[in-house]
Amino acid sequence: MEHSNLKRLVTSMKQNLFDQGYLDEQFYELENLEDDISPNFVEEVVNTYFKHSSRLMTNIERALETNPGDFHKLDSYMQQFKGSSSSIGASKLKNECLQFHEKCEQENIEGCRRSFQKVKSEHGILKQKLEAYFQLLRQVGPGDRATSSN
Amino acid sequence: MSVATEAQYHVLAVDDSLIDRKLIERLLKTSSYQVTTVESGNKALEFLGLHDEQRESPSVSPNNEIEVNLIITDYCMPGMTGYDLLKKVKESSSLKDIPVVIMSSENVPSRINRCLEEGAEEFFLKPVQLSDMKRLRPHILKGKMKEPQQQQQQQNNKNKNLNNNSNNNNSKNNNIKLQAATKEKPLMKGYLKKEQGLDSLMAIV
């Protein structure tokens, strides 16, 4: 009983993430790559992503403070961020990265700063949501995971 | 590791992004390829045994006579770009027959054309997906057909030159074909996955 409730919760959590635009179909692609040999592939990739993106964000923050004129550098960091966000299906985050990119193109430093705050905020939200999701998923157990909603 | 009874093709994947390396590795392994991932063009050339222009070795790694059947590389990398790597591979007499596929997160037609003209077999738009993996095999098989030449080339340069001419013609045709296909592909990419239904289509757009 308890277990099937958990499964339902996991399914609805995931559905919400999609409905609210946090994730896009690339996330399904990741799930399709999980199998008996790599049952936790998605979680592993997402964890790697957050480690990597947190470092990138620190770099961007530092660059915004110490070298705000170097839009090329800022944009380069953000391209990396956008790329890996896209690779895990982080849709909203990817869009915020695009906004930042546009501000860089306009060489609008204040715009960059504001945009970066949004990126930071979305990043934090997604991290929280996905951490909760994976925690629940772990409780459900690998054998019984809710099937992907392809 | 011992050789599998079925031919297991070996793909060298090059990408400076750790996430994307993990992804491409998983994609390739799921599609039954042997995979080596490296983080830069330089490391790729090292692996391929091409340390410097003068001292070339056949497409076997110095380590284990590992053959590379296809190179898939990101375009945007610091230092040596995927395009630079492509050029070096195609300029190398020992490596030029290895098919090269370029990946990029940006759909820039001039970039795509430049790569195809330089000899890339195909251009994948990132994020690369499982369905893209099916497109690798024909290129690998084509590369395998050129293999006997690679092994003989040091003994028989004349043969090599003759084959180069016919290969160039073939690859030109392929490029034209692929150019058309790949030009459409980025636009189509979203559409092709939409077999699932209109909802998915709207989600992408």
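Q: What makes residues of chain B and chain A count as being in contact?
A: Contact means heavy atoms within 4.5 Å. By that rule the contact takes 16 residues from chain B and 17 residues from chain A. This is a predicted model, where local features need pLDDT of at least 70, side-chain atom pairs count only at pLDDT 80 or more, and totals for chains, interfaces and linings use all residues. Side-chain values use heavy atoms, with hydrogens and water left out.

Q: What is the area buried between chain B and chain A?
A: About 1600 Å², with 61% from carbon and sulfur atoms. Buried area is the accessible area (1.4 Å probe) that two parts lose on being put together, summed over both. In chain B, Ile19(B), Leu23(B) and Arg26(B) lose the most area to chain A, together 39% of what that side buries.

Q: Why is the pair Asp35(A) and Arg26(B) called a salt bridge?
A: The term requires a side-chain nitrogen of Lys or Arg within 4 Å of a carboxyl oxygen of Asp or Glu. In this pair the closest N and O atoms are 2.9 Å apart, so the pair qualifies. The rule finds one salt bridge across the interface of chain B and chain A.

Q: Why is strand β1 (residues 10-14) of chain B described as largely enclosed?
A: Five of its five residues are buried, so the rest of the structure largely encloses β1(B). Buried means under 20% relative accessible area (1.4 Å probe, protein chains only). Strands are DSSP runs (E, at least two residues), numbered from the N terminus. His10(B), Leu12(B) and Val14(B) cover one side, Val11(B) and Ala13(B) the other.

Notes:
Residues are numbered from 1 along each chain as its sequence is written. Chains are lettered from A and ligands numbered from 1 in the order in which they are written. Buried means under 20% relative accessible area, exposed over 50%, partly exposed in between (1.4 Å probe, protein chains only). Helices (H or I, at least four residues) and strands (E, at least two) are DSSP runs, numbered from the N terminus.
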